[in-house]
Amino acid sequence: MATALQGAVKVPRRRLARLGCRLPYALEGWLRRQLAQAGATLDEVQHGGEVQVSFSLPEDEAPALKAALEDGGRGQLVWDPTD
């Protein structure tokens with residue numbers, strides 16, 4: 001086993017933050033583009049009276065993305081409580 005690991009590429013581990021928000025349908029496409037551009041992983045999308053989205057990204061990048069989404073969403077995003 002040790003021989004097999006010698007050629008393995010080492011990838012640093014990063015803690016992930018999982019965020020969730022609700023938003024109007026009109027902003028769903030915009031939010032998806034912002035998440036893709038930031039390299040966030042879209043974990044779940046639910047459609048009801050509004051769109052509920054959960055996504056994850058490296059913990060150290062979460063505050064900046066959240067601030068950018070708040071600015072771009074013009075106060076229309078409602079953040080879900082986090083643990």
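Start by selecting strand β2, residues 41–47, together with β3: the two run antiparallel and pair over six bridges. Keep in mind that you're looking at a predicted model. Three residues sit between β2 and β3, and the two strands form a hairpin. For a landmark on this pairing, click on L42, which stands opposite F55 of β3.

Now bring in β1. β1 pairs with β3 as well, again in the antiparallel sense, this time over eight bridges. Pick out L16 here and look across to its bridge partner in β3, P58.

Stay on β3 for a moment and colour by accessibility. How many of the eight residues of β3 are buried? Seven of them are, so the rest of the structure largely encloses this strand.

Next stop: helix α3, residues 62–72. Show side chains for its buried residues, which are A62, L65 and L69. Turn the view to look down the axis of α3: these buried residues fall within an arc of 70 degrees, so they line one face of the helix. What do the buried residues of α3 pack against? Select β1 (16–23), α2 (28–38), β3 (51–58) and β4 (78–79), and you have their packing partners.

The face of α3 turned away from its buried side carries P63, A64 and D71, which are exposed.

Terms used. Residues are numbered from 1 along each chain as its sequence is written. This is a predicted model: local features need pLDDT of at least 70, side-chain atom pairs count only at pLDDT 80 or more; totals for chains, interfaces and linings use all residues. Side-chain values use heavy atoms; hydrogens and water are left out. Buried means under 20% relative accessible area, exposed over 50%, partly exposed in between (1.4 Å probe, protein chains only). Helices (H or I, at least four residues) and strands (E, at least two) are DSSP runs, numbered from the N terminus. The arc is that of the directions from the helix axis to the C-beta atoms. Contact means heavy atoms within 4.5 Å. Two strands pair if DSSP finds at least two bridges between them.
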